[in-house]
Amino acid sequence: MTIAERQKQPDPRERSERREARAWAWAVSATPIGPLLLAATDEGLVQVVFHAEEKTAAEAVARLTRRLGAEPTSLPSASLRSASPAVTAPASTAPASAAPSAAAPSAAAALPVARCTEQLGEAIRQVESYFAGDTKAFTLPLDWSLITGFNRRVLRELAAHVPYGTVVGYQDLADRVGEPGAARAVGVAMGSNPLPVVVPCHRVVESGGGIGGFGGGLETKRTLLALEGVLPQPLF
């Protein structure tokens, strides 16, 4: 089986994690690299989206609605702002199709909704603490359901074993997951990362010393590496 086929091949253990429809919530947080959209299910943070201005945020919400099989929960502004002062409530950029149902949720349905809110609030708190220079390691539950197979294995290795202030080469990361011929496929896995910043694909660089590519843009990658002390801070 080729690496490309492995990237698409689901791990049998992943099937049990999928559901027909999943409660989830989202918000946009202001950061030094621009607005970040954070989305969480009751299992944990499920997606981070760069440059989440209104159009990008609406498109991301529409995609997640299709992937998770349910409309997002509309959270009261006060509940989000109590978690973080730099958060835009979901309703501010949600497309019309994401309007909440008028029907009140049952007690059973309210449990995962409450958990989503809790997961989202904690994700916002830790991301803001990271950009303030206080958090060096995220301790968030992560929902890996948007990625499978080889890509998931590589990203889990990255999240677990490439700490703040360090970098790893594409080839080295391929070696670590037992796929020495898969350096290029590691680059593809980084590009498919649904949880950038928290799962630090910005720490993956070229073995020869180049900065490598980045889905959020090279300037964003440089800013994140400078924040962690890997690169010098820009003069202006």
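I will start on the outward side of a helix. A word on terms: buried means under 20% relative accessible area, exposed means over 50%, and partly exposed is in between, with a 1.4 Å probe and protein chains only. Helices (H or I, at least four residues) and strands (E, at least two) are DSSP runs, numbered from the N terminus.

Before going on, some ground rules. This is a predicted model, in which local features need pLDDT of at least 70, side-chain atom pairs count only at pLDDT 80 or more, and totals for chains, interfaces and linings use all residues. Residues are numbered from 1 along each chain as its sequence is written, and side-chain values use heavy atoms, with hydrogens and water left out.

How confident is the prediction? pLDDT is the predictor's confidence in each residue, from 0 to 100. The protein chain has a mean pLDDT of 83, and 75% of its residues reach 70 or more. Confidence is highest in strand 3, at 98, and lowest in helix 3 (residues 77-83), at a mean of 45. For residues 81-86 the pLDDT is below 50, and this stretch has nine contacts in the model beyond near neighbours in sequence. Contact here means heavy atoms within 4.5 Å. Residues 91-103 also stay under 50 in pLDDT, and the model has 14 contacts for them beyond four places in sequence.

Back to helix 2. This helix covers residues 54-68, which is 15 residues, and reaches 21 Å from its first C-alpha to its last, close to the 21 Å expected at 1.5 Å a residue. The expected span is 1.5 Å times one less than the number of residues. Which residues of helix 2 are buried? They are Ala-57, Ala-60, Val-61, Leu-64, Thr-65 and Leu-68. They cover an arc of only 140° around the axis, so they are on the same side of helix 2. The arc is that of the directions from the helix axis to the C-beta atoms. These buried residues pack against strand 1 (24-29), strand 2 (36-41) and strand 3 (44-49). Just after helix 2, Gly-69 takes a positive phi of about 75°.

Take Met-190 by itself. Met-190 counts as buried, at 9% relative accessibility. Leaving aside neighbours within four places in sequence, Met-190 is in contact with Val-154, Leu-155, Leu-158, Tyr-170, Leu-173, Cys-201 and Val-204. Met-190 and Tyr-170 are 20 residues apart in sequence, and their C-alpha atoms are 9.4 Å apart in space.

Next, a residue in helix 4 (residues 107-131), namely Gln-126. Is Gln-126 buried or exposed? Gln-126 is buried, with a relative accessible area of 3%. Beyond four places in sequence, Gln-126 is in contact with Thr-135, Ala-137, Phe-138, Thr-139 and Leu-140.

Last, the charged pairs. How many salt bridges does a search of the whole structure find? The search finds nine. A salt bridge is a side-chain nitrogen of Lys or Arg within 4 Å of a carboxyl oxygen of Asp or Glu.

One of them joins the side chains of Arg-153 and Glu-179, at 3.3 Å, N to O. This pair links distant parts of the chain, 26 residues apart: Arg-153 is in helix 5 (residues 149-161), and Glu-179 is in the loop between helix 6 (170-176) and helix 7. Arg-153 is partly exposed, at 37% relative accessibility, whereas Glu-179 is buried, at 12%.

Another pair is Arg-176 and Asp-172, with the closest N and O atoms 3.6 Å apart. Because Arg-176 and Asp-172 are four residues apart in helix 6, about one helical turn separates them.

Glu-228 and Arg-203 also form a salt bridge, with the closest N and O atoms 2.9 Å apart. Glu-228 is buried at 6% relative accessible area, and Arg-203 is buried at 5%. Finally, Arg-22, Glu-43 and Asp-143 are linked in a network of salt bridges.
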